[in-house]
Amino acid sequence: QGFFKPNFDRGGDPFVIPMPPANVTGSLHMGHAMFVTLEDIMIRYFRMKGRPALWIPGTDHAGIATQLVVEKMLAAEGIKRADLTREEFTKRVWEWKEKYGSTITNQIKRLGASCDWTRECFTLDDQLSHAVVEAFIRLHEKGLIYQGSYLVNWSPNLQTAVSDLEVEYSEEPGYLYYMKYRVAGGSRDDFMTIATTRPETLFGDVAIAVNPEDERYAKYVGKLAIVPLTFGRHVPIIADRYVDPEFGTGVLKISPGHDQNDYHIARKLGLPILNVMNKDGTLNDVAGLYSGMDRFEAREKLWSDLVETNLAVKKEPYTLRVPRSQRGGEVIEPLISKQWFVTMEPLAERALHAVEKGQLTILPERFEKIYNNWLTNIKDWCISRQLWWGHRIPVWYIVGKKCEEDYVVARNAEEALAKAQEKYGKSVEIYQDPDVLDTWFSSALWPFSTLGWPDVSREDFKHFYPATVLETG
């Protein structure tokens, strides 16, 4: 009946809450019931006091979660995503969304949430999609978005990079494998024993490291070690303070293509980076005879071969901290992959200042510490996902040219072609980047994209921005 539309009759300062958009795949749980109750209390209180009160409802397209749900549904019909074209697949997702995507909205309505339902939004609506493209272009123009090959969390099942926040670590029983690396040019007794939880990554070793203070190995620093089962591949033995002499045997194998810490050491010391894994979790040609084997299968085979060649020392039970995908539950693989990133430091700095200057108040106050800690130690944000459902990255490449150097960023295909023709001549051919943006890229714009940004002349934007409360449960 329109009771929950903001009313300006009595004037006053608007009170505005953008509801954190619920996943379109979701159905109501305790967390939703709690935040809806809290926000409803606030919005009704200020509405009763006569302030124009606006509570904006809506849902998030939830990239990975939605794609997973639809892929499972197709699998039940005997269809794989690869059997369909991108257009056919996204058509199926939209059909699913029309049929099941309103579950959570209807449940929030049934709770009695006093939102202005005439302003309901969905992150893939035209207006919100327009805001996403605009944000990408503006960040890119400011030099805050770049493309590069770096180590990311890779999900072999979903075939996409996932964010650090979507990786959950669980304590699980596993093994610590001890194996011998012979020192090149030494006698039979000249070897170093290395303990690792993932022997299959040895094909990606680029160095062996010990602590410079560790006297046990001082004589080997500067020499070469032979990586087992690689037909005699040599790697340098180096000293670095990062190595903990107390862990395992005090000797660390460095495989920067498959471990975050090794990756940082390699970048610091200028070591090469070797990747031994395919995107589907099988070993690639770098692994020689083990090429094509699944990562866990290769681990078993490798160990039995080490035993056979007398290079295995022992295998002992060990509690592993295993990274698993929050979405599919599979083991996440650190993998070098070409992705798009946002430079976070300058953005985080402004967010830190806002709290420092009191433009933003965090309640309860103790969370200020977490906020500061999080934004002070922030890494660049990997925003590309190898999915079909979501906002396609507004970047077009030039046929026959290198992707890294030659591309245009544009609001649509027509603008992209015009820009490319101007730069590369009339006969140029272009194609769009197949990746989509991380779902959080669009959710991050929610407090203002729902009010009409980038069109700041919109009435809603003029009246209601900035919002009063952001409540994240």
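Buried means under 20% relative accessible area. Keep that cut-off at hand for this tour of aromatic rings in a predicted model. The structure holds 23 aromatic pairs.

**Stop one.** Select Trp-94 and Phe-122. Their ring centres are 5.9 Å apart and their planes stand at 80 degrees, so this pair is edge-to-face. Trp-94 belongs to helix α3 (residues 86–100), while Phe-122 belongs to strand β5 (residues 121–122). Now check accessibility. Phe-122 has 4% relative accessibility, so it counts as buried. Trp-94, at 34%, counts as partly exposed.

**Stop two.** Select Tyr-146 and Phe-341. Here the ring centres lie 5.5 Å apart with the planes at 15 degrees, so the pair is stacked. Tyr-146 sits in strand β6 (residues 145–155) and Phe-341 in strand β15 (residues 333–342). This pair, too, links distant parts of the chain, 195 residues apart. Is Phe-341 buried or exposed? Phe-341 counts as buried, at 6% relative accessibility. Tyr-146 is partly exposed, with a relative accessible area of 23%.

**Stop three.** Select Phe-136, Trp-340, Trp-381, Tyr-397, Tyr-407, Tyr-431 and Phe-441 together. Ring pairs join these residues into a cluster.

**Stop four.** Turn to charges over rings. Select Lys-315 with Tyr-175: the lysine lies over the face of the tyrosine, 4.5 Å from the ring centre. Then select Arg-321 with Tyr-169. Arg-321 lies over the face of that ring, at 4.0 Å from its centre.

Terms used. Residues are numbered from 1 along each chain as its sequence is written. This is a predicted model: local features need pLDDT of at least 70, side-chain atom pairs count only at pLDDT 80 or more; totals for chains, interfaces and linings use all residues. Side-chain values use heavy atoms; hydrogens and water are left out. Rings of Phe, Tyr and Trp (its six-membered ring) pair if their centres lie within 6.5 Å; planes under 30 degrees apart count as stacked, over 60 as edge-to-face and the rest as tilted. Helices (H or I, at least four residues) and strands (E, at least two) are DSSP runs, numbered from the N terminus. Buried means under 20% relative accessible area, exposed over 50%, partly exposed in between (1.4 Å probe, protein chains only). A charge sits over a ring if NZ of Lys or CZ of Arg is within 6 Å of the ring centre and within 35 degrees of the ring normal.
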